[in-house]
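Colleague: I would like to go through this model feature by feature. Please give me the general idea first each time, then the case at hand.

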Amino acid sequence: MAERDDSHRLVPEQPAAVRKPEITPEMRANARANPNSWLYVIDEAFDPHGNVPSWAVIGAYPVNAGGEIIDDFHFNDRYLPSPQALGFPAPSTDLEYLLQLVHARHRPEEDLARAVLDAELFVFAYTPAQRTLVGTFDLDGDVVVPAYTARSLAPRDWPCARAVRGRDVVDLLGGSSLALNAQEVISAVVTAEELEHALRTSR
């Protein structure tokens, strides 16, 4: 059996703690052009010249009358760091990106079910030809069906990780929830009811 490729794991490259932003030459130039103001620092995932929501502002440095930045950063208590700011690697699929956005609270969990329908998932199978789903018990004793957004994320001890389209497993869940990337830093549980509703309304 091939070894699992851990290079694809959805693990942040740096701690998620918010740190005071480094003052760059570009920021100093901006401050000189705008004395007696505040220099706002925007999350790296957003275009500072575009429409930036209030929760994407990390905070601000005061700028004095001489256009110099005062090293007294004021953090925005509403700031929600993006996946990029949290250090997560670039996602390889739309579903992985949405999982990151949900984790960062940039998107609601309710958006996941519809995205699952068109995503390629990898589920447990004893052989590549298997067409039934295999569930496992979660910590509450409920049966869930584990599914991963990449073959390389599937557990090493699985005999086979079979590729399926999300919408093709909805009718096979038998009321069980789908556990996405259960062993990863970013995971989610999508209920059968949520998937069934998404399937009905997408037709």
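Modeller: One definition to begin with: contact means heavy atoms within 4.5 Å. The model is predicted. With that cut-off, the buried residues of H2 pack against H3, S4, S8 and S9.

Colleague: Which residues of H2 are buried?

Modeller: A general point about helices comes before the list. An α-helix has 3.6 residues a turn, so residues three or four places apart point the same way. The buried residues in H2 are Leu95, Glu96, Leu98, Leu99, Gln100, Leu101 and Val102.

Colleague: Why is H2 described as largely enclosed by the rest of the structure?

Modeller: Because seven of its ten residues are buried, H2 is largely enclosed by the rest of the structure. After H2 comes arginine 105, with a positive phi near 65°.

Colleague: Which residues touch the most other members of the largest nonpolar core?

Modeller: A nonpolar core is a set of buried residues joined through side-chain atoms. The largest one here has 30 residues, and Leu112, Val116, Leu121, Leu178, Leu180 and Leu195 touch the most other members. Elements giving two or more residues to this core include helix H2 (94-103), helix H3 (112-117), strand S4 (120-125) and helix H5 (192-202). Strands S6 (143-148), S8 (177-180) and S9 (188-190) also give two or more. Another core lies apart from it, with twelve residues, among them Val41, Val63, Ile69 and Phe73.

Colleague: What is valine 116 in contact with, leaving aside its neighbours within four places in sequence?

Modeller: On that count, valine 116 is in contact with Leu95, Leu121, Gly166, Arg167, Leu178, Leu180, Val190 and Leu195.

Colleague: How should I read the strands, and which way do the residues of S8 point?

Modeller: Strands of a sheet pair through backbone hydrogen bonds, either parallel or antiparallel. In S8, Ser177 and Ala179 point one way, Leu178 and Leu180 point the other way, and all are buried. S8 pairs with S6 in the parallel sense over four bridges, while three bridges join S8 to S9 in an antiparallel run. Alanine 179 in S8 stands opposite proline 146, and alanine 179 also stands opposite valine 189 in S9.

Colleague: What is the strand order in the open sheet of three strands?

Modeller: The order is S1-S2-S3, with antiparallel pairing. S1 and strand S3 (74-75) are the edge strands, each pairing on one side only. Between S1 and strand S2 (residues 57-63) there are six bridges in the antiparallel sense. Leucine 39 has tyrosine 61 in S2 as its bridge partner.

Colleague: Which residues lie nearest the centre of the largest pocket?

Modeller: Of the 15 residues lining the largest pocket, Glu26, Met27, Asn30, Tyr40 and Pro48 lie nearest its centre. The volume of this pocket is about 400 Å³. Helix H1 (25-33) and strand S1 (37-42) are the elements that give two or more residues to its lining, and S1 gives the most, with five. The lining of the largest pocket divides into eight nonpolar, three polar and four charged residues.

Terms used. Residues are numbered from 1 along each chain as its sequence is written. This is a predicted model: local features need pLDDT of at least 70, side-chain atom pairs count only at pLDDT 80 or more; totals for chains, interfaces and linings use all residues. Side-chain values use heavy atoms; hydrogens and water are left out. A nonpolar core is a set of buried Ala, Val, Leu, Ile, Met, Phe, Trp, Tyr and Cys residues joined through side-chain atoms within 4.5 Å. Buried means under 20% relative accessible area, exposed over 50%, partly exposed in between (1.4 Å probe, protein chains only). On a 1 Å grid over the protein atoms alone, a cavity is a set of points where a 1.4 Å probe fits but cannot get out, and a pocket is an open set with protein on both sides within 12 Å along at least five of seven lines; lining residues have an atom within 4 Å of a point. Grid points are joined across faces, edges and corners, and a volume is the space filled by probe spheres set on the points. Ala, Val, Leu, Ile, Met, Phe, Trp, Tyr, Cys and Pro count as nonpolar, Asp, Glu, Lys and Arg as charged, and the others, Gly among them, as polar. Two strands pair if DSSP finds at least two bridges between them.
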